[in-house]
Amino acid sequence: GRAPTETTTATFGLGCFWGPDATFGAIEGVVRTRVGYAGGTKPDPSYRVLGDHTEVVQLDYDPETVSFRDLLAVVFEEHSPRHQTGKRQYQNIIFIESEQQREELTAFLDTKEYTADEVETRIEPLETFYLAESYHQKFNLSDKSWITEPFGEAGYDETDIRESPAAAKLNAHVAGHDVTVPFLSERGPLASESR
Ligand code: MHO
């Protein structure tokens, strides 16, 4: 089917952002992924000049298919909430972008054996998300020219690939994740193929 037009964003810090880019890309209802920097104060960070920011993954998800709470279940599989790394680049952070997400986090933590006060994971509002460099986006695709070249031939530039629902699924697939429902019908030559 077509990628849904109404999506919500969620942003998480879970260590080096290449891994979570692929982990979340595999999830049904996660439509787009991108990696970047957030959680600090330095204006316009880059990978080399990160300042006090953290590597983060940002998702556009379809809340009709996957809830924030579902995403939190994955977040808590992907890190140890009782331990935090001192290195800000790799800290574990759950960014809260709405009252709805705040409520879903509270409900999720209620099912766990600890409270929000007991987790070392940073829980904070998202201030500014800065996109990471193109070479960090969909990192698992970067040495897969058999995937990236056809995208280029179909007219996709780096931004198009970063924001492509199909590329998010392919990035997850080549990283070894089980991808169940790919969005492979977004536009162009792929648009006539419906699942
Ligand atoms: N320096 C590590 C992690 C990279 S991640 C983008 C590596 O090269 O594997 O921080």
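Reader: How many aromatic pairs does a search of the whole structure find?

Author: The model is a predicted one. A pair of aromatic rings is described by the distance of the centres and the angle of the planes. When the whole structure is searched, the number of aromatic pairs found is six.

Reader: What is the angle between the planes of F17 and Y37?

Author: F17 and Y37 form an aromatic pair with a centre-to-centre distance of 5.7 Å. F17 lies in the loop between β1 and α1 (18-25) and Y37 in strand β2, so the pair ties together parts that are 20 residues apart in sequence. F17 is buried, with a relative accessible area of 1%, and Y37 is buried as well, at 0%. The pair is tilted, and the angle between its planes is 40°.

Reader: Which helices hold F76 and F108?

Author: The ring centres of F76 and F108 are 5.0 Å apart and the planes stand at 45°, so this pair is tilted. F76 counts as buried at 11% relative accessibility, and F108 is buried with a relative accessible area of 6%. The two residues are 32 residues apart and link distant parts of the chain: F76 belongs to helix α2 (residues 68-78), and F108 to helix α3 (residues 99-110).

Reader: Why is strand β3 described as largely enclosed by the rest of the structure?

Author: In a regular strand the side chains alternate between the two faces of the sheet. In β3, one side carries T54, V56, Q58 and D60 and the other carries E55, V57, L59 and Y61, and all of these are buried. Strand β3 (residues 54-61) is therefore largely enclosed, the count of buried residues being eight of the eight.

Reader: How many bridges join strand β2 to β3?

Author: Strand β2 covers residues 30-38 and pairs with β3 in the antiparallel sense. Within this pairing, V30 stands opposite Y61 in β3. The number of bridges between β2 and β3 is eight.

Reader: Which residue of β4 is the bridge partner of G13?

Author: Strand β1 (residues 8-14) runs antiparallel to β3, joined by five bridges; there A10 has L59 as its partner, and T11 has Q58. Five of the seven residues of β1 are buried, so β1 is largely enclosed by the rest of the structure. Three bridges also join β1 to strand β4 (residues 92-96), again running antiparallel. In β4, the partner of G13 is I93.

Reader: Are helices α4 and α6 roughly parallel or antiparallel to each other?

Author: Two packed helices are described by the angle between their axes and the distance between the axes. The axes of α4 (residues 145-153) and α6 (residues 165-174) lie 11 Å apart at an angle of about 170°. Angles over 145 degrees count as roughly antiparallel. Helices α4 and α6 are therefore roughly antiparallel.

Reader: Is R162 buried or exposed?

Author: R162 is found in helix α5 (residues 158-162). Leaving aside its neighbours within four places in sequence, R162 is in contact with T33, R34, L131, Q137 and K138. A relative accessible area under 20% counts as buried. With a value of 14%, R162 is therefore buried.

Key:
Residues numbered from 1 in each chain as written. Predicted model: local features only at pLDDT ≥ 70, side-chain atom pairs only at ≥ 80, totals over all residues. Heavy atoms only, no water. Buried < 20%, exposed > 50% of the residue type's maximum accessible area, 1.4 Å probe, protein only. Helix = DSSP H or I, 4+ residues; strand = E, 2+ residues; numbered from the N terminus. Pairing = 2+ DSSP bridges. Axes fitted to C-alpha atoms, helices over the stretch in contact; angles between N-to-C directions. Parallel < 35°, antiparallel > 145°, perpendicular 65-115°, else oblique. Contact = heavy atoms within 4.5 Å. Phe/Tyr/Trp six-rings, centres within 6.5 Å; stacked < 30°, edge-to-face > 60°.
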